Amino acid sequence: MSSQTATDFDLSRLSSEGVRQLIRSGEHDRHTAGLAAGKLQCNLAILPEGYALDFLRFCQRNPKPCPLVGVGDTGNPMLPTLGRDIDIRTDVPRYRVFREGEFSEEVTDIAGLWSRNLVTVALGCSFTFENALMRANIPVRHIEMRRNVPMFRTGIDLVPAGPFHGQMVVTMRPLREDQIDEARRISARYPQAHGAPIAIGDPGDLGISDLSTPDYGDPVEIKPGEVPVYWACGVTPQNVLKAAALPICITHAPGHMLITDVAEDADTTIYQNQSQQGEK
């Protein structure tokens, strides 16, 4: 399949491995919303080993925006607990590189930046539960519009750890009032993907001034009779990493996730144990 013919509709039919192969070959560098239905998608943080323990503490203290689902070995770009062929250097559509807290570049491959002291941390993503919402006939507006999910900075403070601190970022999906309870129930089944919404309704309560101008992603239509619903977002740790001003850190570009081979409703601890047994 060439990049000229690989439409979003075509990609939606591919397996997780098939999508990663297109990403690895450079044929897909767009967002991953709606792709590899049923598979866990992950936010990404790659940082020097000397900062990794404090960052893991930060994730443990802030599980809603930072649900930890995988950690790589120092210097090893493979993530066998999430997929046997995953190479974190090539298998994400777009990466963002930060140096001393400043944005440096956005690239589609980090093989040339990889070093022996880097650690990969994979965090759950709200794209995971969207498939379950759609199976329950709850529409997901940004997927309908073929856009990236809208993401907003908030004034919600996080629990700090070492140099890591900041405020939460949220995603927003408009829903009819009669759909909200079911959406809450469904998403709560996926704590590894941010779980249930953190807020519903007035964006001002979160410190958001204008839903038509997201800080990240794309704006979406809010139709009459719909209410904005907010979930914790994996861009949160990206902002925290940037604020910590590490010598280098690498994240995914917002909406451009790592697609794993793990079922979206799987216990990732069980999957990790099975993977480790298979390597013996």
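The legends below describe close-up views of a predicted model. Residues are numbered from 1 along each chain as its sequence is written, and in this predicted model local features need pLDDT of at least 70, side-chain atom pairs count only at pLDDT 80 or more, and totals for chains, interfaces and linings use all residues. Side-chain values use heavy atoms, with hydrogens and water left out.

View 1. T236 belongs to helix α7, which spans residues 235-243; helices (H or I, at least four residues) and strands (E, at least two) are DSSP runs, numbered from the N terminus. With a relative accessibility of 0%, T236 counts as buried, a term for under 20% relative accessible area, with exposed meaning over 50% and partly exposed in between (1.4 Å probe, protein chains only). Leaving aside residues up to four places away in sequence, T236 touches P65, L158, Q167, M168 and V169, where contact means heavy atoms within 4.5 Å. The side chain of T236 also reaches the backbone oxygen of C233, at 2.7 Å.

**View 2. The largest nonpolar core.** A nonpolar core is a set of buried Ala, Val, Leu, Ile, Met, Phe, Trp, Tyr and Cys residues joined through side-chain atoms within 4.5 Å. The largest one has 28 residues, of which F55, F58, F164, Y230 and L241 touch the most other members. Two or more residues each come from β1 (39-48), α3 (49-61), β5 (118-124), β7 (167-176), β9 (226-232) and α7. Another core, of 21 residues, lies apart from it and has L82, I88, Y95 and I250 among its members.

**View 3. The covered helix α4.** Helix α4 (residues 127-135) is mostly covered, with seven of its nine residues buried, namely F127, T128, F129, E130, N131, A132 and L133. The cover over these buried residues includes β1, α5 (141-144), β7, α6 (177-188) and β9. Just after α4, N137 takes a positive phi of about 65 degrees.

View 4. Seven bridges join the antiparallel strands β7 and β9, and R176 stands opposite E226 in β9.

Conventions:
Polar contact = N/O pair within 3.5 Å; in protein donor to acceptor, adjacent residues only side chain to side chain. Pairing = 2+ DSSP bridges.
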